[in-house]
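Hi everyone, thanks for coming. I'd like to walk you through a structure, so please have the picture open while I talk.

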Amino acid sequence: MNPAHAPEARRAALPGGPVAGRGARPAGSPDAPADERVAVVRAAARRALGGNGSVVLVTGESGVGKSSLLRVLAGELAGELRVVAGACDDVREPVRLGPLREAGWRVEVGYQELLVGLGEVPTALLIDDIQWADDATLDLVGYLARRVEGYPLVVVLTLADDSRLPERLHRWLGGLATAGARRLPLAPLGLDEVRRWVAGSRAEQLYALTGGNPFYLSAMLASPGTGVPDAVRDAVLAKTARLSDACRSVVEQLAVLPGTIDLGLAERLTDGDEELLAEAEQYGLLEARHEGIGFRYEIVRLAIEQGMRGLARRRLHKRALDVQAGQGERYLARLAHHAIAAADVEAVALYAPRAGQQAAAAGAHDEALWLFDAASRLGLLPADHRTAYAWELFNAYRWDEAREAGFDFDSFQDRVDWLETLYHESRWDELASVVAECNRPGQDLLTTLHALIQLRRGDWARAEAALEPLRSNPSDFIRSRVEAIAARLLVRRGQPADPKGEPAYVVPVLIEQAFLAGDLERIAALRDEWRALESTPIWPELHRYYVRAGLEPATRHWKQAADEWARLGDTYEQALELARSGETEPTLEALRLLDALDARPAADLVRRRLRKLGLRVIPRGPVPTTRANPIGLTARQADVLTLIAEGLTNAEIAEKLILSVRTVDHHVSAILTRLNVPTRREAAAAATPPPNTTAVA
């Protein structure tokens, strides 16, 4: 028996008798059932009240929220119907009619008597995990499904469809469908739904890790640490215990390889036994992908890898290293990963330093530091890699080690001061030419400043694109800068933002946010709290907002200021200065500029000012259109899909977008899921308008 599914661990008292609970989590957690799913069953219950019964089969993978749905339904329906609820258990010899016995129902009668007894009053029969049912329960449910239409009875079943189902169950499901049962599939959460529970870049990280599976996501959110929670590890290892010994060995070998595994490599690691791979796929552990195979969920792979004993894990990494050796520069990170895990000193010296350089160039700072650290601890870091290592140590605030590795703090600070001076003095053309340098220490800072210039010049899409590679894994040194720019983009588009970090970067955003909301008290409070910033380079910007809010006198005429911003190309600031004029024509020009930027909060503010100026007919601005990607992809996923359509491989996409191959793997999998297609070719076709049609921007 699967210990994670022991009967005593699954009971929760509900009206009409006990029901399977799967360990209830708090209301409002990510595994709460979607309202529309509950509504479907509620509608079936209403029909049952009128004497028109039906069967609903709720399907989905383990952890997707089926038991939570039954738990909610039992509570909601108890006021209208008699609730009879029970569950089937993962035991070697299931009890005959176990779910009804659990509910306290008399079962020593025939099926017709049971049907009549259940239909005496309007009733909801809820049975969890029907895939583990005994034959008598399956026969009874099939009997009810063919006759329920004339009774005030709704039967709701759940079925976990991510494990190998016996042939008898497939035949039974076919009969259920023929009888008119309605199938109600539950899917994992999408990235946008995960963002309801997790803020910022961590949402994408958790989505990549859990795939939106509510059980995995809830466990991660409830876990105080960063590793795989015990509840997840126990559930995964219980599932692998159901595999054949040979299949379990294959799964453990593949678990030491993150991301998508090339089919040729998988065949070499498994000695070409495709039947074992098929078995793992049937149990919901592996999935076929466009370029090979991989674990359905990264958290499952990690649970399996971390569940191995140390020597066994080292042996499997060594085998993976030997099989992949000589594959070239594209797989340096993977080879270094195996070399470190296998404690192969010679291989660490060969792969880790070069893989660290690759990771640093791609902006994967945590990975770069880990690789450099591994080589340095063994005294294997070549002299020509120490500059990059020192920079990564500096990024991580390990300053003593950075100095020891040769980091020149004085010259670096001089460079930072110079770059920021160029920005604050509005010498943006000079700064833009410096940004052209690449792949050198400090490049992340240059990229951040480049994004700031794009923001100033009104190209907000490019500013967002420049920030994208940095947001997923920013170095500590630039984290506050990156988050402040991202927050400012949100604020100017009318979206909520709560930036955190160094006051010099965050306070200007908070003040602009308060200004756009018309919260003068908030602006005054921030001014009083951060008087110390008056002696810093950001003071002129703060002072502008104090003037616009009427808290301080202007030091420059609005027209002079607006002309200067126009010369620099900052139409947003130009518009705000024009709006300060108190005259109709300049304020109308301000509105035109802000509408062109899609700066809705500032445009709304200007419209209010125009009304105060007595203007009766005020331009409404552009007609609202969908601003989101029409097929529901993030901006980065849209970029990846465009390159897929151009025929690029994941490695080529990673190089072009300056991402890790693993990150591209996750993006491609998310795209295929979002578009509901199995292959890259179909994804590209789904995103391409057919001939003789015009794509709507």
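Let me begin with a term we'll need: a residue is called buried when its relative accessible area is under 20%, exposed when that area is over 50%, and partly exposed in between. Take D528: its relative accessibility is 47%, so D528 counts as partly exposed. Keep in mind that what you see is a predicted model.

Who does D528 pair with? The answer is R531: the two side chains form a salt bridge, with 3.4 Å from N to O. R531 is partly exposed too, at 39% relative accessibility.

A word of background here. Side chains of opposite charge can pair when their charged atoms come close.

How many salt bridges turn up in a search of the whole structure? There are 36 salt bridges. Let me show you a couple more. R195 pairs with D192, and their closest N and O atoms are 3.1 Å apart. On the accessibility scale, R195 comes out at 33%, which is partly exposed, and D192, with 46%, is partly exposed as well. Then there is R600 with D598, a salt bridge of 3.2 Å from N to O. R600 has 28% relative accessibility and D598 has 24%, and with those values R600 is partly exposed, as is D598. Some salt bridges also share partners, and in that way R456, R488, R492, E512, E541, R544, R548, D570, E573, E577 and R580 are joined into one network.

Now, on to the strands. Strands of a sheet pair through backbone hydrogen bonds, either parallel or antiparallel. Please find the open sheet made of five strands: its order is β4-β5-β6-β3-β7, and the pairing is parallel. Which strands stand at the edges? They are β4, residues 82–87, and β7, residues 182–185; each has a single partner strand, so one side of each has no neighbour in the sheet. From one strand to the next, the twist averages 15 degrees.

If you look at how β7 is held, its link to β3, residues 54–60, consists of four bridges, and the two strands run parallel. One place to look is T59, whose bridge partner in β7 is P185.

Helix α4, residues 111–118, touches β4, β5 and β6, and its direction makes about 135 degrees with that of β4. Helix α6, residues 167–178, touches β3 and β6; here the angle with the direction of β6 is about 145 degrees.

While we're at β4, let's pick out A85, which lies in that strand. Is A85 buried or exposed? Its relative accessible area is 0%, so A85 is buried. In sequence A85 is 18 residues away from A103, yet their C-alpha atoms are 5.7 Å apart in space.

My last stop is a set of antiparallel pairings. Strand β9, residues 286–289, pairs with β10 over four bridges in the antiparallel sense, and the two form a hairpin with two residues between them. β10, residues 292–295, also pairs with β8, residues 261–262, over two bridges, again antiparallel. Which residue in β10 stands opposite I261? That is I293, and I293 is also the bridge partner of A288.

That's my tour, and I'm happy to take questions.

Terms used
Residues are numbered from 1 along each chain as its sequence is written. This is a predicted model: local features need pLDDT of at least 70, side-chain atom pairs count only at pLDDT 80 or more; totals for chains, interfaces and linings use all residues. Side-chain values use heavy atoms; hydrogens and water are left out. A salt bridge is a side-chain nitrogen of Lys or Arg within 4 Å of a carboxyl oxygen of Asp or Glu. Buried means under 20% relative accessible area, exposed over 50%, partly exposed in between (1.4 Å probe, protein chains only). Two strands pair if DSSP finds at least two bridges between them. Axes are lines fitted to C-alpha atoms, for helices over the stretch in contact, and angles run from 0 to 180 degrees between N-to-C directions. Contact means heavy atoms within 4.5 Å.
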